[in-house]
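Visitor: I'm new to this one. Could you walk me through how to read it?
Guide: Happy to, let's look together.

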Amino acid sequence: MRKLLRVIIVFIILAGCNNATDHSVSSSVALVDSIQSSTNHYCYENAVGTDSIRLRIDLVGTDVSGELLYAIRGKDRNEGSVHGEWFGDTLVLDYMYQSEGSLSSRQVVFIKQDSLLVEGYGASEEVDGKLRFVNRAELSFGSGIKLKEVNCDEPNAASSPAAS
């Protein structure tokens with residue numbers, strides 16, 4: 001009888017430990033899933049007269065993806081996708097876009113100043129078919145295009161670059 005009681009007690013303890021582990025593992029998995037799927041949407045634009053630059057980004061952690069449109073009078077309109085990463089206050093993106101019927105790729109860099117993104121300019125070179133900045137530390141942001149943060153849900157906001 002004692003042996004049976006010991007076996008039952010051991011079984012209850014093991015079953016209790018096993019359930020606690022399963023609950024802890026499933027809670028951890030749910031937490032990781034919620035962090036990975038937590039996406040923040042941000043829209044920025046600069047629209048003056050007929051000129052329009054729009055950026056819509058989705059942010060997960062420091063990883064960024066989205067869409068960018070440049071429609072500037074006297075220049076070819078180009079629009080496409082962006083992928084990159086935040087480094088502190090600096091947004092570094094690879095911009096793949098369609099312009100004049102061909103697909104091109106170049107690096108774009110913005111620095112965040114309050115609710116503005118200011119585009120940086122500097123010396124570039126072609127690397128593996130993509131235009132890249134020679135030295136990001138030497139970029140100039142003083143005269144760069146300034147994009148203000150806008151509500152992504154508003155009509156004509158940066159949430160739909162193809163709509164322009």
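**Starting from one tyrosine**

Guide: Tyr121 lies in the loop between S7 and strand S8 (124-127). Strands here are DSSP runs of E of at least two residues, and helices are runs of H or I of at least four, numbered from the N terminus. This is a predicted model, where local features need pLDDT of at least 70, side-chain atom pairs count only at pLDDT 80 or more, and totals for chains, interfaces and linings use all residues. Residues are numbered from 1 along each chain as its sequence is written, and side-chain values use heavy atoms, with hydrogens and water left out.

Visitor: What does the whole protein's secondary structure come to?
Guide: The protein has 1 helix and 10 strands. From the N terminus on, the order is α-β-β-β-β-β-β-β-β-β-β.

Visitor: Back to Tyr121: is it buried, partly exposed or exposed?
Guide: Buried means under 20% relative accessible area, exposed means over 50%, and partly exposed is in between (1.4 Å probe, protein chains only). Tyr121 has 37% relative accessibility, so it counts as partly exposed. Across the protein, buried residues make up 29% of the 164 residues.

Visitor: And which residues does Tyr121 touch?
Guide: A contact is heavy atoms within 4.5 Å. Leaving aside residues up to four places away in sequence, Tyr121 touches Phe133, Leu139, Ser140, Gly144 and Ile145.

Visitor: Which residues are closest to the centre of the largest pocket?
Guide: First, the idea. On a 1 Å grid over the protein atoms alone, a pocket is an open set of points where a 1.4 Å probe fits, with protein on both sides within 12 Å along at least five of seven lines; lining residues have an atom within 4 Å of a point. The largest pocket has a volume of about 300 Å³, a volume being the space filled by probe spheres set on the points, which are joined across faces, edges and corners. Of its 18 lining residues, the closest to the centre are Tyr70, Lys75, Arg106, Glu119 and Tyr121. S3, S5, S6 and strand S9 (130-133) each supply at least two residues of that lining.

Visitor: Arg106 and Glu119 are both in that list. How do their side chains meet?
Guide: Side chains of opposite charge can pair when their charged atoms come close. A salt bridge is a side-chain nitrogen of Lys or Arg within 4 Å of a carboxyl oxygen of Asp or Glu. Arg106 and Glu119 form one at 4.0 Å, N to O. The pair links distant parts of the chain, with Arg106 in strand S6 (residues 102-113) and Glu119 in strand S7 (residues 116-119), 13 residues apart. Arg106 is partly exposed at 22% relative accessibility, while Glu119 is buried at 2%.

Visitor: How many salt bridges are found in the whole structure?
Guide: The search finds 6 salt bridges. Among them is Glu45 with Arg54, at 3.3 Å, N to O, and both of those residues are buried.

Visitor: Which residues have the most contacts inside the largest nonpolar core?
Guide: In soluble globular proteins, nonpolar side chains tend to be buried together. A nonpolar core is a set of buried Ala, Val, Leu, Ile, Met, Phe, Trp, Tyr and Cys residues joined through side-chain atoms within 4.5 Å. The largest has 19 residues, and Leu55, Leu91 and Phe110 have the most contacts inside it. A second, separate core of 7 residues includes Val92, Phe133, Leu139 and Phe141.
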